[in-house]
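Dear colleague,

I am passing this structure on to you, and below it you will find notes on what turned up when it was examined. Please read them with the sequence and the coordinates open beside you.

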Amino acid sequence: MPITANDKLDVHKIRADFPILQRRVHGKPLVYLDTAASAQRPLAVIEAIDGFYRNHNANIHRGVHTLSQEATEDYEQARAKIAGFINAPSKLECVFTRGTTESINLVAHSFVRPSLKAGDEILISWMEHHSNIVPWQLLCEETGAILKVVPMNTRGELELDTLAEMLTERVKLLAVGQISNALGTVNPVSEICTLAKQQGVPVLVDGAQATPHQAVDVQALDCDFYCFSGHKMYGPTGIGVLWARAGHLQAMPPYQGGGEMIRHVSFEKSTFNDAPGKFEAGTPNIAGAVGLGAAVDYLQSLGMGNVARREAELLAYGTQKLSQVDGFRMIGTAAHKAGVLSFVLGDIHANDVGTIVDLHGVAIRTGHHCAMPVVQFFDLPATARASLGIYNTFEEIDILADALEKVLGMF
Ligand code: PLP
């Protein structure tokens, strides 16, 4: 198998962009197969952050001095890049947050909570990450609203007919992941948004696992809210984005109070900035935004179509290769999948699998992947998960397969 079946991307060149891939772990070359948890950073991102602190660091929006104006320009330029990346109609619809989790909590508190009543429903799916379950659960406990869960089948695909039936006038929001981090399922979110729209139900899409792997177009999806994290898409931790329709942002009350989000403050009353400033209280993660802007530039230089094709080839190869290992069982066999290979190996506990392959330099994740209902659905204590990124090679999948053989040899 050639290293790069997709000749649009040169994986050797890509790997050279990621300094950490030169590392050795337990004396072996690092094989990083944990991108779904957090991707590695290319030099372009590391240098953008370094360059910001070396040359432009200052607080934003409030200063007349040169550094403050440069920092503001850098921060707002990053916002514009992000808007272009997801095809948002305006950069003013992109709110910087700490990540997907905070973006979802912001929508829960400022969009859903003000009008939620006992008996109202919030709809999520069975394969959601905890960050798209717990905020809704907390709201429901507080208000007497009901959390409803769209079921999935044993391949890990949502049951769309049931979803359509569950979309009643009681539903105040449908919150669904575009790609499952635990199973790799790519959900048909465009179709789901169409179904929801017919019933007048707003949709929040958790795009944490989608933005690193495929082109995203929030206008084509026709969703109401789109949430994602910098660190999943080769950018920094502690920075993420909430995209929302301008009308929603205008109507929503602030999430947190503080500096930056106000227009005027007196002891009697304060008035608030327009969005996105209204939702960015306090000094934000300026260097993080700059780094995320650099990550967007990096992904766009590769082309998201090329990224998606490359990862599809790796996934197909990995599925076929790992299936040849004795006792390997894939968890998540949806017809449409992204680069996630969740599995069990006979009755060996996933943590043992992960610990042993680490001794061979292979980094995979084990456990419930912050999606406990998914492992419960498959009646498992845990799974092992190899997840793919743009720097992975076919050879690395072979190394994982060899390491799994060694695990088998120890039991
Ligand atoms: N949603 C999905 C599908 C995820 O995979 C993750 C992280 O693993 C999150 C949400 C939460 O992202 P963050 O921890 O960056 O807020």
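**The ligand and its surroundings**

In this predicted model, a polar side-chain atom of Gln 209 lies 2.7 Å from an oxygen atom of the ligand, a polar contact being a pair of N or O atoms within 3.5 Å (within protein, one must be able to donate a hydrogen and the other to accept it, and residues adjacent in sequence count only if both atoms are side-chain atoms). For Lys 232, the distance from a polar side-chain atom to an oxygen atom of the ligand is 2.4 Å, and for His 129 an N or O atom of the side chain is 3.2 Å from a ligand oxygen. Taken alone the ligand exposes 390 Å², of which the protein buries 85%; these accessible areas come from the Shrake-Rupley method with a 1.4 Å probe, and for residues only the protein chains shown count as cover.

The residues that surround the ligand, meaning those with a heavy atom within 4 Å of it, include Thr 100, Thr 101, Ser 131, Asn 181 and Asp 206. The ligand sits in the largest pocket. A pocket here is an open set of points, on a 1 Å grid over the protein atoms alone, where a 1.4 Å probe fits and protein lies on both sides within 12 Å along at least five of seven lines, and a molecule sits in it if more than half of its atoms lie within 2 Å of its grid points.

**How the model was read**

The model is predicted, and local features need pLDDT of at least 70, side-chain atom pairs count only at pLDDT 80 or more, while totals for chains, interfaces and linings use all residues. Residues are numbered from 1 along each chain as its sequence is written, and side-chain values use heavy atoms, with hydrogens and water left out.

**Salt bridges**

A search of the whole structure finds 21 salt bridges, each a side-chain nitrogen of Lys or Arg within 4 Å of a carboxyl oxygen of Asp or Glu. Arg 54 and Asp 50 form one of them, at 2.6 Å from N to O, and these two residues are about one helical turn apart because they stand four residues from each other in helix α2 (residues 43-55); helices (H or I, at least four residues) and strands (E, at least two) are DSSP runs, numbered from the N terminus. Arg 54 is exposed at 63% relative accessibility, whereas Asp 50 is partly exposed at 34%, where buried means under 20% relative accessible area, exposed over 50% and partly exposed in between (1.4 Å probe, protein chains only).

Another salt bridge joins Arg 245 and Asp 222 at 2.7 Å, N to O, and this pair links distant parts of the chain, 23 residues apart. Asp 274 and Arg 263 also meet in a salt bridge, with their closest N and O atoms 3.2 Å apart. Glu 76, Arg 79, Lys 91 and Glu 280 are linked in a network of salt bridges.

**Backbone features**

Most residues other than glycine have a negative phi, and most peptide bonds are trans. The peptide bond from Ala 275 to Pro 276 is cis, with omega near 5°, and Pro 276 lies in the loop between β12 and α10. His 26 has a positive phi of about 50° and is partly exposed at 48% relative accessibility. His 369 has a positive phi near 55°, but this residue is buried, with a relative accessible area of 6%.

With best wishes

Key:
On a 1 Å grid over the protein atoms alone, a cavity is a set of points where a 1.4 Å probe fits but cannot get out, and a pocket is an open set with protein on both sides within 12 Å along at least five of seven lines; lining residues have an atom within 4 Å of a point.
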